Amino acid sequence: MDCDAVNDPTQAAIKPNVTVSSSVRELLECPVCLNAMYPPIHQCSNGHTLCSGCKPRVHNRCPTCRHELGNIRCLALEKVAASLELPCKYQSFGCIGIYPYYSKLKHESQCSYRPYSCPYAGSECTVIGDIPYLVAHLKDDHKVDMHNGSTFNHRYVKSNPHEVENATWMLTVFSCFGQYFCLHFEAFQLGISPVYIAFLRFMGDDNEAKNYSYSLEVGGNGRKMIWQGVPRSIRDSHRKVRDSFDGLIIQRNMALFFSGGDRKELKLRVTGRIWKEQ
């Protein structure tokens with residue numbers, strides 16, 4: 001996999017032999033939050049340092065010696081940091097760039113090799129990894145249904161449609177065009193009204209997701225709703241996509257019409273397809 005613009009070798013020379021001693025890295029580690037420090041780096045009169053984000057949290061007292069902090073900048077350490085070049089923290093995922101200390105953070109926030117979060121929405125899963133790892137994780141740990149092909153036909157049944165829980169009802173993973181897609185279907189509360197939503201997410205970055213489109217259709221009793229959209233990258237959280245209403249939204253009353261009109265049971269058949277834009 002080639003580096004994209006964020007991993008452009010013209011922006012960050014590949015210098016595999018450049019190393020920074022652990023002692024220098026420790027000097028640049030904030031003793032409070034343990035994150036790397038960036039200007040302004042503060043110090044007490046005894047020379048102990050901490051980051052600008054933590055300074056208000058310690059009530060102007062040095063966390064190391066308890067002396068008053070004041071407003072002393074550690075310019076020497078800031079200059080040392082400016083001279084450093086470090087590998088991306090996602091090196092183990094494939095990024096081979098070396099970056100100046102002060103631009104490394106920005107790069108890492110956009111690095112195309114940064115791992116993805118698990119797209120499963122039924123629990124607060126904290127697993128991260130690359131796409132092949134997450135596909136195996138979804139299958140083995142979350143027991144998600146896996147399907148090959150670009151078309152789908154799913155039936156969702158709920159015995160009491162008046163009970164709406166803020167939880168995912170179903171996640172299905174589709175493999176097509178050499179990629180993986182997550183189909184979500186769930187109930188959630190919109191104001192005082194329960195609604196159902198179905199949407200597709202792409203297991204990859206947004207720039208790749210835009211190469212695909214999908215359609216969803218639900219109907220019954222002479223009524224039909226159709227949605228067409230672009231799958232959202234799993235870089236966007238499940239909640240972010242759902243709360244932006246970027247999918248097929250079905251009001252409960254309409255869902256009950258689709259189900260047969262007896263209002264006793266929800267029976268929705270959602271069909272759809274995925275295609276690659278030319």
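Which residue forms a salt bridge with D205, and how far apart are the closest N and O atoms? The partner is R235, and the gap between the closest N and O atoms is 2.7 Å. Before going further, keep in mind that this is a predicted model.

**Salt bridges**

Let's stay with that pair for a moment. D205 has a relative accessibility of 11%, and because buried means under 20%, D205 counts as buried. R235, at 24% relative accessibility, counts as partly exposed.

| Salt bridge | Closest N and O atoms |
|---|---|
| D205 and R235 | 2.7 Å |
| E217 and K224 | 3.7 Å |
| R242 and D243 | 3.0 Å |

How exposed are the other residues in the table? E217 is partly exposed, with a relative accessible area of 29%, and K224 counts as exposed at 55% relative accessibility. R242 is buried, with a relative accessible area of 5%, whereas D243 counts as partly exposed at 39% relative accessibility. There is also a network: R232, D236, K240 and D246 are joined into one by salt bridges that share partners.

**The largest nonpolar core**

Now for the nonpolar side of things. The largest nonpolar core has 30 residues, and the members that touch the most others are L216, I250, L268 and I274. Quite a few elements supply at least two residues each: β9 (151-158), β10 (167-176), β11 (179-190), β12 (193-202), β13 (212-220), β16 (248-251), α7 (252-258) and β17 (266-276). Of these, β12 gives the most, with seven residues.

Setting aside its neighbours within four places in sequence, I274 is in contact with S150, F152, F174, C176, F177, F181, L200, S213 and Y214. Apart from this core lies another one, of 18 residues, and its members include L50, C51, V58 and Y101.

**Around β13**

L216 is also a handy way into the strand pairing. β13 pairs with β17 in the antiparallel sense, over seven bridges, and here L216 stands opposite G272 in β17. β13 also pairs with β14 (residues 223-229), again in the antiparallel sense and over seven bridges. In that pairing, L216 stands opposite W227 in β14. β13 and β14 form a hairpin with two residues between them, and N221 in the turn has a positive phi of about 55°.

β1 (residues 42-43) pairs with β2 over two bridges, and Q43 stands opposite T49 in β2.

**Two helices worth a look**

Which residues of α4 are buried? In this helix (residues 131-140), they are I131, L134, V135, H137 and L138. These residues cover an arc of only 160° around the axis, which puts them on the same side of α4. On the other side of α4, P132 and K139 are exposed. At the start of α4, a side-chain oxygen of D130 comes to within 3.0 Å of the backbone nitrogen of Y133.

The other helix is α2 (residues 75-82), which is where you'll find E78. Is E78 buried or exposed? At 8% relative accessibility, E78 counts as buried. Leaving aside its neighbours within four places in sequence, E78 is in contact with P39, P40, I41, R73 and Y102.

Note on methods: Residues are numbered from 1 along each chain as its sequence is written. This is a predicted model: local features need pLDDT of at least 70, side-chain atom pairs count only at pLDDT 80 or more; totals for chains, interfaces and linings use all residues. Side-chain values use heavy atoms; hydrogens and water are left out. A nonpolar core is a set of buried Ala, Val, Leu, Ile, Met, Phe, Trp, Tyr and Cys residues joined through side-chain atoms within 4.5 Å. Buried means under 20% relative accessible area, exposed over 50%, partly exposed in between (1.4 Å probe, protein chains only). Helices (H or I, at least four residues) and strands (E, at least two) are DSSP runs, numbered from the N terminus. Contact means heavy atoms within 4.5 Å. Two strands pair if DSSP finds at least two bridges between them. A salt bridge is a side-chain nitrogen of Lys or Arg within 4 Å of a carboxyl oxygen of Asp or Glu. The arc is that of the directions from the helix axis to the C-beta atoms. A polar contact is a pair of N or O atoms within 3.5 Å; within protein, one must be able to donate a hydrogen and the other to accept it, and residues adjacent in sequence count only if both atoms are side-chain atoms.
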